[in-house]
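Let's go through a model together, one feature at a time. Have your viewer open and ask away.

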Amino acid sequence: MIHRAFEAGVTEIYLPNVDSETISPLHALVDAFPQNCFPMMGLHPCSVKQESMENELVLVKHWLDTRDYVAVGEIGLDLFWDKSTLDIQIEALKRQCGWAIEKDLPVVLHCRESTAESIEVIRPFAERGLKGVFHCFSGTLEEAKMAIEMDFFLGIGGVLTFKKSGLADIVSQIPLEYVVLETDAPYLAPVPFRGKRNESAYIRNILEALSAIRRIGKNELAEITTTNARRLFKRL
Ligand SMILES: [Zn+2]
């Protein structure tokens, strides 16, 4: 999969963490491709459970203090899978945003069916200088504008190629300086791979879709979105 990504011209892959179970495979992949794979550290909202949250967060903090990461992620709120944990999801998000500020790292936010709630939690941190990206952005145009006002990027992925998503309409109205492209592998593969396992090489299909929507050449667009990604992850 990594070599297919290289063949597609993808040379930098930013990898979110999920929870304690994904840390070893994440580090192993980064150690195998240290020039190309860049890790994040964080606890995903879908892995926030009452009984394990404290231990999981201790581990996240341990690793943030131990290794270099490009972001605190993936963190956020998920109201699609489990609304009952919203309170502790908010608590985990706030604590991790605090660490991001402390470490001067951006955050990669997961906000499934929770863009409004996430903006509310993030805003006071943004006022203290927190930066980041609303990954797999799925909010409204108003929410997109609020994110941009906080100087946050919008992560645009395979959903852009789904006809009924309405995302194309939103993306055509926001400045390209705030757009980063993403695959969200293994989920949300772009057309013509929709429903299959997503992978990094498919970023090309997302680039092509945005290029058609914004009527801008693929090379020029790739340069803009790559620069944005490097700006986001402080790799410029
Ligand atoms: Zn996510």
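This is a predicted model: local features need pLDDT of at least 70, side-chain atom pairs count only at pLDDT 80 or more; totals for chains, interfaces and linings use all residues.

Q: Which residues are the protein donors of the zinc ion?

A: Donors are N, O and S atoms within 2.8 Å of the metal (3.2 Å for Na, K and Ca); water is not among the atoms, so sites may look incomplete. Here the zinc ion has Glu74 (OE), His110 (ND1) and His135 (NE2), at 1.9 to 2.2 Å. Along the sequence, the spacing of these donor residues reads E-x35-H-x24-H. The two histidines link distant parts of the chain: His110 sits in strand E4 (residues 107–112) and His135 in strand E5 (residues 132–135), 25 residues apart. Strands (E, at least two residues) and helices (H or I, at least four) are DSSP runs, numbered from the N terminus.

Q: Are His110 and His135 buried or exposed?

A: Buried means under 20% relative accessible area, exposed over 50%, and partly exposed in between (1.4 Å probe, protein chains only). Both His110 and His135 are buried.

Q: How many aromatic pairs are there?

A: Rings of Phe, Tyr and Trp (its six-membered ring) pair if their centres lie within 6.5 Å; planes under 30 degrees apart count as stacked, over 60 as edge-to-face and the rest as tilted. That rule gives seven pairs. Take Phe80 and Trp81: their ring centres are 4.9 Å apart and the planes meet at 85°, so this pair is edge-to-face. Phe80 is partly exposed at 35% relative accessible area, and Trp81 counts as exposed at 61%. Phe134 and Phe152 make a tilted pair, with 5.5 Å between centres and 55° between planes. Phe134 belongs to strand E5 and Phe152 to the loop between helix H6 (141–149) and strand E6 (153–156), so the pair ties together parts 18 residues apart in sequence. Phe134 is buried at 1% relative accessibility, and Phe152 at 0%.

Q: Which residues lie over the face of a ring?

A: A charge sits over a ring if NZ of Lys or CZ of Arg is within 6 Å of the ring centre and within 35 degrees of the ring normal. Arg112 does this with Phe80, 3.6 Å from the ring centre, and Arg235 with Phe38, at 3.9 Å. Phe38 also forms one aromatic cluster with Tyr14 and Phe233.

Q: Which residues touch the most other members of the largest nonpolar core?

A: A nonpolar core is a set of buried Ala, Val, Leu, Ile, Met, Phe, Trp, Tyr and Cys residues joined through side-chain atoms within 4.5 Å. The largest has 62 residues, and Leu109, Phe134, Phe152, Leu154 and Ile156 touch the most other members. Helix H4 (residues 86–103) gives this core its largest share, six residues. There's also a second, separate core of twelve residues, with Val70, Val108, Val133 and Ala229 among them.

Q: How many disulfides does the structure hold?

A: A disulfide is a covalent bond between the sulfur atoms of two cysteines. The test is a pair of cysteine sulfur atoms within 2.5 Å, and the structure holds zero. For Cys97, the closest cysteine sulfur is 10 Å away, in Cys111, too far for a bond.

Notes: Residues are numbered from 1 along each chain as its sequence is written. Side-chain values use heavy atoms; hydrogens and water are left out.
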